[in-house]
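Okay, thanks for having me.

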Amino acid sequence: MFSARDPDDLERFFRGLTENAFHGQLGVVDPPLVDYVASLLVRFIRSDGLRALSCRTSADRERLTRLLDDSPPPSPAIVEEYRQIGDATLFWTGVYPEALRRFQPLDYRVVGRRAYWMASTLEPEDAAAERLLFERLSSEYDTCVAGLAEVRRAWNAA
């Protein structure tokens with residue numbers, strides 16, 4: 001029996017929905033990409049992992065814009081910050097786009113694609129798999145948003 005309190009059941013539930021949405025609905029067969037999106041969902045669905053984008057004020061938006069426009073030196077911390085920005089924008093634009101309407105005029109899709117792209121360019125050369133994954137997350141961002149929207153429809157129907 002399924003239990004939302006059991007982390008393994010929750011992960012299997014969202015992994016199944018994600019695989020069905022990407023493979024069955026969208027025809028996207030890219031296991032590393034689909035696994036990443038499924039794990040992102042599980043992280044963000046848990047209340048301790050759920051975080052809103054900090055873009056409520058013009059100062060927040062300026063900070064985010066500056067971060068995405070600058071070319072900072074590569075470091076694990078800055079790569080992680082870009083990944084978190086990409087993950088948060090992907091989750092919110094895919095699962096709860098209605099929550100972002102009040103934070104306009106920021107285009108979260110552009111921000112997310114750019115953040116993943118920046119993360120891909122700053123990953124060390126010996127992290128080829130991560131670089132490629134971030135590149136795909138950037139180039140397939142809209143597909144991932146569509147996949148997450150399908151996941152939401154499916155879990156609402158479940």
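With that, the protein has 7 helices and 0 strands, so the element order from the N terminus reads α-α-α-α-α-α-α.

Two caveats on where this comes from. It's a predicted model, with local features needing pLDDT of at least 70 and side-chain atom pairs counting only at pLDDT 80 or more, while totals for chains, interfaces and linings use all residues. Residues are numbered from 1 along each chain as its sequence is written, and side-chain values use heavy atoms, with hydrogens and water left out.

Now, the overall picture. I'll call a residue buried under 20% relative accessible area, exposed over 50%, and partly exposed in between, with a 1.4 Å probe and protein chains only. On that scale, 43% of the 158 residues are buried. A contact, for me, is heavy atoms within 4.5 Å. Take the contacts with a separation of 6 or more: 68% of them join residues 24 or more positions apart.

Let's zoom in on α6, residues 128-139. The expected span of a helix is 1.5 Å times one less than its number of residues. α6 has 12 residues and covers 16 Å from first C-alpha to last, close to the expected 16 Å. Which of its residues are buried? Those are Arg131, Leu133, Phe134, Leu137 and Ser138. They sit on the same side of α6, because they cover an arc of only 165° around the axis, the arc being that of the directions from the helix axis to the C-beta atoms. Ala129 and Ser139, on the other side of α6, are exposed.

And what covers that buried face? The cover includes α2 (31-45), α4 (76-95), α5 (108-122) and α7 (141-157).

Skipping neighbours within four places in sequence, arginine 131 has contacts to Ser120, Thr121, Glu123, Pro124 and Glu125.

Next, the helix packing. My axes are lines fitted to C-alpha atoms, for helices over the stretch in contact, and angles run from 0 to 180 degrees between N-to-C directions. Under 35 degrees is roughly parallel, over 145 roughly antiparallel, 65 to 115 roughly perpendicular, and the rest oblique.

Start with α2 on α6: the axes come within 10 Å and cross at roughly 75°, so α2 is roughly perpendicular to α6. Pro32, Leu33, Tyr36 and Val37 of α2 make that contact with Leu133, Phe134, Arg136 and Leu137 of α6.

α2 also packs on α7, at about 55° with the axes 11 Å apart, which makes α2 oblique to α7. For handedness, a crossing is left-handed if the near helix is turned anticlockwise from the far one by less than a right angle, and right-handed if clockwise. The α2 and α7 crossing is right-handed. Here α2 brings Leu33, Val37, Leu41 and Ile45, and α7 brings Cys144, Leu148, Val151 and Trp155.

Then there's α5 against α7, with an angle of about 120° and axes 10 Å apart, so that pair is oblique too. α5 passes α7 in a right-handed crossing. The contact residues are Tyr108, Arg109, Gly112, Arg113 and Tyr116 on α5, with Tyr141, Asp142 and Val145 on α7.

Last helix for today: α4. It has 20 residues and reaches 28 Å, first C-alpha to last, close to the 28 Å expected. Is α4 mostly covered or mostly open? Mostly covered, with 15 of its 20 residues buried.

Aspartate 87 lies in α4, and it's classed as buried because its relative accessibility is 1%. Which residues does it touch, leaving out those up to four places away in sequence? Tyr36, Leu40, Arg43, Phe44 and Tyr116. Between aspartate 87 and tyrosine 36 there are 51 residues in sequence separation, yet 9.8 Å in space, C-alpha to C-alpha.

For contrast, look at proline 31, in α2. It's partly exposed, because its relative accessibility is 46%. Proline 31 and glutamate 19 are 12 residues apart in sequence and 8.6 Å apart C-alpha to C-alpha.

Key: Helices (H or I, at least four residues) and strands (E, at least two) are DSSP runs, numbered from the N terminus.
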